[in-house]
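Hello,

Here is the structure I promised to pass on. My notes on it follow below.

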Amino acid sequence: LPYWKRWNNILRKILEPSNLVNLTVGIVVIVVIFEDIIFSLKVVLGIGVVFGILAVLLWWLYAWIFRIATSTREKNFLIYDALRTLVRPLTPTIPITISLFFVTTFLIIFILFSLAFRSELTVDAEKNANIFALNILESDREKVEKVLSGGEMYSILRARISHINGKTLAEHLATENPSGEFSREFNVTLSPLENTILKWKATINADEVSVDDAFARRLGVDIGDRIDFLLSGKKVSLTVASIRESSRQGFRPFFYFSFDPEAFRSAPKTYFASAYTLDPESWKKTIIENSGPHVTFVDIENILAVVRDISSKILSVIGLFLVFISVFALFAIVSFFSRMRAVESMKLRLYKIFGLVPEKTITSLRSSRMVIFMVSWIFSVVVGVVALWFIVRASTILTMPWVSVGWVILGVLLVYIVLVVILRPKR
């Protein structure tokens, strides 16, 4: 068919009364959930655009596969006919592929995200501090350091950003309401940090500051920029003199800013102690004896236990929901292919009348089915892994589980092979 007729048929299909009713119901449901009709319309439009782009890409891919197969028309007509069935009008190749794609992609993302998240919560405690002590005073620092066997201690100053290069945060970020990520109070340290210096110099001077790399990019600052801080009610103006690698190590303290220790020696500050201990209560008692009751303790193991329990329940509910949807989607796909067997049987009988070998005809039909599953598998794997990579980067705390990625891809391939075998055309 000419292109304009194809798109005309697609438009008519979209504007069918049943589809319009489903669209209206979907918009109403989203409005009820988000209580914002404009946002709901944007969500529906976004979903429609995604489906449209995916449908066009798949149609182009199947048409390209068919054009390649055209050269086999005389040599192997059955393979040519198998691929031709994928692009015939009214053939539901695109809806089936989209269904398989979305179900598989969401499952890949969910499984890999769950594995990455659980892996982050099961970090090796012996390589990370499992208890923190906050608000240690300057007068108690030396006494605590003497009893802090194998632990770490960091000086803590609290400061806010007021101006960057003479501009307010709102002016610098070009927004009326700067994110709380930038307007909040920061914990700044004077203690040496192990992060690799990526730009300029390793040692900063009195009027300079060292900034975390990822945070510097989000804040929009670089070497030579001037940042004004409010520190204990006083304005302190510092120049960015070094950019440190943004590297997190388990539950070790992480700082966005580091000041010169000599320049801020007399500034009001507290200290933060961290350690790994098998006897948290005894460790707390020792710290209190050498400081006082004003010290606050954070038991990481207890917090992790609560987080693991809550996250397991949430991930289980989401997983059950996805499995529920997947089962119904696969049931619909299986039902479709089961109904197709009647058409395929008639096709086999017709080919037999013309003297074609049944085994070759079966191979032809199986080939068309395998193409659908292979296209769906490749699209799902590529999009799923890329989407997870962006999610991991955005989280800043997760790491890409590459070993799990390989196993999940193989697992999905195995499921697809089983489906191909179960749904294969039969004589």
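**What turned up**

Asn195 counts as buried, at 19% relative accessibility (buried means under 20% relative accessible area, exposed over 50%, partly exposed in between, with a 1.4 Å probe and protein chains only). This is a predicted model, where local features need pLDDT of at least 70, side-chain atom pairs count only at pLDDT 80 or more, and totals for chains, interfaces and linings use all residues. Residues are numbered from 1 along each chain as its sequence is written, and side-chain values use heavy atoms, leaving out hydrogens and water.

Asn195 sits in the loop between strand E4 (186-188) and strand E5 (197-200); helices (H or I, at least four residues) and strands (E, at least two) are DSSP runs, numbered from the N terminus. Beyond its neighbours within four places in sequence, Asn195 is in contact with Arg244, Glu245 and Ser247 (contact means heavy atoms within 4.5 Å).

Now to the charged pairs. The count comes to eleven salt bridges, each a side-chain nitrogen of Lys or Arg within 4 Å of a carboxyl oxygen of Asp or Glu. One of them joins Asp213 to Arg217, with the closest N and O atoms 3.1 Å apart. Both residues lie in helix H9 (residues 213-219), four residues apart, about one turn of the helix. Asp213 is buried at 17%, whereas Arg217 is exposed at 55%.

Asp228 also forms a salt bridge, with Lys235, at 3.5 Å between the closest N and O atoms. Here Asp228 is buried at 7% and Lys235 is exposed at 57%.

Best wishes
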